[in-house]
Amino acid sequence: MLKLMLASMLGLWAAGTYAGEESTYDFLWLDPDKAVYVLQNKIHKKENTLYVDVGYLANLTSTFQDTRGIAVKAGYYFHEEWAVEAMYLGYQNTNNDNFRNVQLLNEGFPFVRRPERTTGVGIVWSPFYGKINTFNKIVYFDWSFGAGVAQVTTKSNLKSVTVSSSKDIYASENNTGAYLKSAMKFHINQNWHVGVEWVGTYYQAPGPKNPKQDKVRSNNDLIFQLGWSY
């Protein structure tokens, strides 16, 4: 029985590995010219559409800061699965309890690099789409991935934190980097959608151990957004 169940599950997985609009199944007990479509045609087409998303972001990287902000994106689907996109991420930072505890116990300041803003241009690939039934309502969704180049603006106390008698002074930093992203978009109707997105930004910058040597740094954001497409 266990072998039969495993074989059945493997067969179902293999059969559903790929199912696009043009995918069909050929059933042996039907006439040779008969075919059954696997998945219905898309309700929400993306090709030749523009979209704008506005969202609230929560930073997942900052150790000594409570970092929140806004995200604004605009893009164009030149193909059903491919789009070009521009994005802007703006941040607001405040010292958190970890920062205050270090300052209280060590009578000094921790090293902090605060994100200020990130602008980027990249490409989006949307290979997955589907629908789910929730509370007797059909909800359509898309799952996409993206990558691009980014200009990362930060502020850090790198110069002052290495001097024990110095005040906590922050200086601006500008670095060119790259970003990766993954997003789920749920369609409300033909024009409006909501979604959640993860964005990881990567760039090179020095640290307090070796202020003259750059190392790869990362910044991760979780974004909840509302969007409009046409």
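**Buried strand residues and enclosed space in a predicted model**

K73 is buried, because its relative accessible area of 4% falls under the 20% limit that defines the class, whereas over 50% counts as exposed and values in between as partly exposed, all computed with a 1.4 Å probe on protein chains only. The model is a predicted one, in which local features require pLDDT of at least 70 and side-chain atom pairs count only at pLDDT 80 or more, although totals for chains, interfaces and linings use all residues. Residues are numbered from 1 along each chain as its sequence is written, and side-chain values rest on heavy atoms, with hydrogens and water left out.

The secondary structure of the protein consists of three helices and 10 strands, where helices (H or I, at least four residues) and strands (E, at least two) are taken as DSSP runs and numbered from the N terminus. Along the sequence these elements follow the order α-β-β-β-β-β-α-β-β-α-β-β-β. Of the 230 residues in the protein, 36% are buried. Among contacts with a separation of 6 or more, 62% are between residues 24 or more positions apart, a contact being defined by heavy atoms within 4.5 Å.

Strands β7 and β8 run antiparallel and are joined by 17 bridges, with V152 opposite N175 of β8. Strand β8 is in turn antiparallel to β9, through 10 bridges, and these two strands form a hairpin with four residues between them. Within this pairing, M184 stands opposite V196 of β9, and L180 stands opposite G200 of β9. A further 15 bridges link β9 to the antiparallel strand β10, which covers residues 214-229; here H193 has G227 of β10 as its bridge partner.

Two residues of strand β4 were examined individually. K73, which is found in β4, touches Y51, V52, D53, E85, A86, M87, K181, E197 and Q225 when residues up to four places away in sequence are not counted. The side chains of K73 and Q225 are joined by a polar contact of 3.4 Å, the term denoting a pair of N or O atoms within 3.5 Å, of which, within protein, one must be able to donate a hydrogen and the other to accept it, while residues adjacent in sequence count only if both atoms are side-chain atoms.

Y77 also lies in β4 and is likewise buried, with a relative accessibility of 4%. A polar contact of 2.7 Å joins its side chain to that of S126. Apart from residues up to four places away in sequence, Y77 touches K46, E47, N48, T49, Y51, W82, A83, V124 and S126. For one of these residues, E47, the C-alpha atom is separated by 5.1 Å from that of Y77, although the two residues are 30 residues apart along the chain.

A search of the whole structure finds two cavities of 30 Å³ or more. On a 1 Å grid over the protein atoms alone, a cavity is a set of points where a 1.4 Å probe fits but cannot get out, whereas a pocket is an open set with protein on both sides within 12 Å along at least five of seven lines, and lining residues have an atom within 4 Å of a point. Grid points are joined across faces, edges and corners, and a volume is the space filled by probe spheres set on the points.

The second largest cavity holds about 130 Å³ of space and is lined by 17 residues, with D53, K73, S144, A183 and K185 lying nearest its centre. At least two lining residues come from each of β3 (49-59), β4 (65-77), β6 (113-134), β7 (137-156), β8 (171-187) and β9 (192-206), and the largest share, four residues, is supplied by β8. The lining comprises five nonpolar, five polar and seven charged residues, where Ala, Val, Leu, Ile, Met, Phe, Trp, Tyr, Cys and Pro count as nonpolar, Asp, Glu, Lys and Arg as charged, and the others, Gly among them, as polar.

The second largest pocket has a volume of about 350 Å³. Its lining is made up of 15 residues, of which T61, S62, T63, F111 and R113 lie nearest the centre, and β6 and β10 each contribute at least two residues. By class, the pocket lining divides into five nonpolar, seven polar and three charged residues.

Note on methods. Pairing = 2+ DSSP bridges.
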